[in-house]
Amino acid sequence: MAQDQPTAAQLSEVKDAVRALLRQPDYDDGSAGPVLVRLAWHSAGTYCAETKTGGSNGAGMRYEAEGGDPANAGLQHARAFLEPIKARFPWLTYADLWTLAAVVAVKEMGGPEVAWRGGRTDFADDSKLPPRGRLPDGAQGADHLRFIFYRMGFGDQEIVALSGAHNLGRCHSDRSGFEGKWVNNPTRFSNQYFKLLLAHDWKKKKLANGMEQFVYVDEDLEAEDDEDPPEELMMLPTDMSLLSDPSFRPWVEKYAADKDLFFDHFSKVFAKLLELGIRRDAQGNVINEENAEEGYKSAPKKSDTATAPDDQSPKQIGHEAAPLKKDNEKYQNRKNGAKL
């Protein structure tokens with residue numbers, strides 16, 4: 001059933017609810033914030049400027065055709081974290097919830113205010129989903145980054161600014177194939193990612209699954225007898241390409257030296273990312289074809305867990321992790337070296 005777009009007062013309540021759920025002591029580094037940012041990023045990052053397909057409208061990751069993309073492995077956890085909010089505010093679309101939650105998370109983790117506008121609808125089926133393969137592959141290099149981001153309409157400076165989101169969260173070998181965190185405090189938004197890229201002598205390391213990443217261990221952080229040794233920090237081949245590419249590197253250096261500049265640029269480019277594929281009228285109302293036909297249409301709520309046993313409707317994801325195993329293994333074990 002189509003509904004009116006949410007009011008500012010309604011959205012204020014949703015923001016408060018997102019803030020309340022960010023602390024997750026049993027998940028990763030104690031926060032749902034980083035994975036919520038990744039959810040919105042991957043939801044919007046399927047956009048193609050030439051074909052005008054993909055983007056955050058529709059919340060297509062609810063369907064196996066998009067949610068089952070190996071690049072989205074692990075995001076079932078982010079979606080499950082947000083289900084109690086969906087239950088509390090059933091009028092809110094998944095497409096708006098996923099993107100708004102990321103904006104709130106960035107701010108709560110110490111990052112900049114990111115402009116956000118609602119009005120996205122939820123697709124009724126998977127007929128308008130983009131093809132797989134549109135998201136970045138961390139095993140690649142600068143040419144790949146440009147191929148992915150130029151398709152969306154971004155330039156080199158924006159590519160580097162968006163890469164700064166790697167200050168948050170960590171990689172998991174059972175998802176992306178990589179393992180570890182980029183910075184010491186992965187739940188605090190800062191420009192530390194750029195500082196570390198420049199500061200350390202990153203060494204190539206081959207993981208047991210055949211994937212290659214770059215690592216650094218701070219030898220000055222010696223563990224006490226009863227403590228675990230310090231955790232390696234890591235960078236992906238795509239991260240290292242920001243240093244070796246003559247157009248990317250100056251922006252790495254600028255953001256490392258000036259946190260305010262990075263915050264300003266990130267807030268603008270992340271807002272742009274979340275609006276990719278969204279068309280609005282002069283009043284700010286979304287006028288995409290599906291929105292004009294159906295209005296502000298919120299999809300039914302899904303399970304509160306990341307491993308729901310049953311599909312809600314044909315082709316919609318139920319148990320989201322197990323069916324991805326073969327695709328994920330194939331994705332994780334790609335062994336072609338990156339051109340840095």
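# Reading helices and charged pairs in a predicted model

Modeller: Let's start with helix α6: eight of its 11 residues are buried, so α6 is largely enclosed by the rest of the structure. Keep in mind that this is a predicted model.

Biologist: Happy to. Which residues of α6 are buried?

Modeller: They are Ala142, His144, Leu145, Arg146, Ile148, Phe149, Arg151 and Met152.

Biologist: And what covers the buried residues of α6?

Modeller: The cover includes α2 (33–44), α7, α9 and α11. Just after α6 there is a backbone detail to look at too: glycine 153 has a positive phi of about 105°.

Biologist: Are arginine 146 and aspartate 156 buried or exposed?

Modeller: Both are buried.

Biologist: Which residue forms a salt bridge with glutamate 158?

Modeller: That is lysine 272, and the closest N and O atoms are 3.0 Å apart. This pair links distant parts of the chain, since lysine 272 sits in helix α11 (residues 259–275) and glutamate 158 in helix α7, 114 residues apart. The two partners can be read against the 20% cut-off for burial. Glutamate 158 is buried because its relative accessible area is 16%, while lysine 272, at 32%, is partly exposed.

Biologist: How many salt bridges does a search of the whole structure find?

Modeller: The search finds 20. One of them joins the side chains of glutamate 108 and arginine 19, at 3.2 Å from N to O. Glutamate 108 is in helix α5 and arginine 19 in helix α1 (residues 8–21), so to speak distant parts of the chain, 89 residues apart. Glutamate 108 counts as partly exposed at 40% relative accessibility, and arginine 19 does too at 37%.

Biologist: Which backbone nitrogen lies 3.0 Å from a polar atom of the aspartate 122 side chain?

Modeller: The backbone nitrogen of alanine 95. Beyond its neighbours within four places in sequence, aspartate 122 also has contacts that include Gly58, Arg62, Tyr94, Lys297 and Ser298.

Biologist: Now, how should I read two helices packed together?

Modeller: Two packed helices are described by the angle between their axes and the distance between the axes. For helix α8 (residues 192–199) and helix α9 (residues 237–244), the angle is about 70° and the axes are 10 Å apart. The two helices are therefore roughly perpendicular to each other.

Biologist: Which residues of α8 and α9 meet?

Modeller: From α8 they are Tyr193, Leu197 and Leu198, and from α9 Asp239, Met240, Leu242 and Leu243.

Biologist: Where is alanine 71 found?

Modeller: Alanine 71 is in the loop between α3 (64–67) and α4 (75–88). Its 9% relative accessibility makes it count as buried. Alanine 71 and arginine 175 are 104 residues apart in sequence, yet 7.8 Å apart in space from C-alpha to C-alpha.

Note on methods:
Residues are numbered from 1 along each chain as its sequence is written. This is a predicted model: local features need pLDDT of at least 70, side-chain atom pairs count only at pLDDT 80 or more; totals for chains, interfaces and linings use all residues. Side-chain values use heavy atoms; hydrogens and water are left out. Helices (H or I, at least four residues) and strands (E, at least two) are DSSP runs, numbered from the N terminus. Buried means under 20% relative accessible area, exposed over 50%, partly exposed in between (1.4 Å probe, protein chains only). A polar contact is a pair of N or O atoms within 3.5 Å; within protein, one must be able to donate a hydrogen and the other to accept it, and residues adjacent in sequence count only if both atoms are side-chain atoms. Contact means heavy atoms within 4.5 Å. A salt bridge is a side-chain nitrogen of Lys or Arg within 4 Å of a carboxyl oxygen of Asp or Glu. Axes are lines fitted to C-alpha atoms, for helices over the stretch in contact, and angles run from 0 to 180 degrees between N-to-C directions. Angles under 35 degrees count as roughly parallel, over 145 as roughly antiparallel, 65 to 115 as roughly perpendicular and the rest as oblique.
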